[in-house]
Amino acid sequence: MSDTKIVIITPPPINIPEGMMGEDKEMAIEEANQWKKEGPRHKTYMSKKRYAEGLMSIANEYADTGRVIGIDFWRALVEEKLKEDEEGSWEELENSGMWPGCGLIGAKSFDKGWFTDGLHLDRKGYAVLNRILVESVVGKWPELAPERL
């Protein structure tokens with residue numbers, strides 16, 4: 001078991017469509033978003049973010065062993081969405097809390113191709129996972145590169 005290599009992959013965010021209109025039209029956007037932040041969908045979204053941060057913390061604790069790598073898939077999907085939209089930065093999202101897919105009014109959603117149903121990945125999501133997984137594994141353990149197996 002001393003040769004065992006471990007890859008810890010964080011879960012991706014979920015994709016909650018932007019706030020539903022109707023009752024929200026009569027509320028100020030800020031009030032509507034505050035109400036949404038208390039709802040189960042947004043809490044699930046933010047719980048996945050905290051869980052991802054916790055997994056990366058654990059992976060970092062074992063990084064010196066040379067046997068464990070952490071892949072922050074949650075962050076990679078968000079950053080890829082920012083790149084696709086050609087706007088915003090991680091720091092701006094940290095300050096605003098308007099994460100892609102969080103469901104708040106004014107926050108962007110992941111477009112078609114990222115998720116099939118808001119939870120399960122589609123081709124763009126899997127493409128990001130594949131890219132970062134291969135880059136991370138081959139970067140850390142070059143002997144596992146496909147051409148060397």
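Guide: Buried means under 20% relative accessible area, exposed over 50%, and partly exposed in between, with a 1.4 Å probe and protein chains only. This is a predicted model, where local features need pLDDT of at least 70, side-chain atom pairs count only at pLDDT 80 or more, and totals for chains, interfaces and linings use all residues. Residues are numbered from 1 along each chain as its sequence is written, and side-chain values use heavy atoms, leaving out hydrogens and water.

Visitor: Why is R75 called partly exposed?

Guide: R75 has a relative accessible area of 30%, which lies between the limits of 20% and 50%, so the label is partly exposed.

Visitor: What makes E79 and R75 a salt bridge?

Guide: A salt bridge needs a side-chain nitrogen of Lys or Arg within 4 Å of a carboxyl oxygen of Asp or Glu. The closest N and O atoms of E79 and R75 are 2.7 Å apart, so the pair qualifies.

Visitor: Where do E79 and R75 sit in relation to each other?

Guide: Both are in helix 4 (residues 73-85), four residues apart, which is about one helical turn. Helices are DSSP runs of H or I with at least four residues, numbered from the N terminus.

Visitor: What makes K124 and E84 a salt bridge?

Guide: Their closest N and O atoms are 2.8 Å apart, which is within the 4 Å limit. K124 lies in helix 6 and E84 in helix 4, so the pair ties together parts 40 residues apart in sequence.

Conventions. Helix = DSSP H or I, 4+ residues; strand = E, 2+ residues; numbered from the N terminus.
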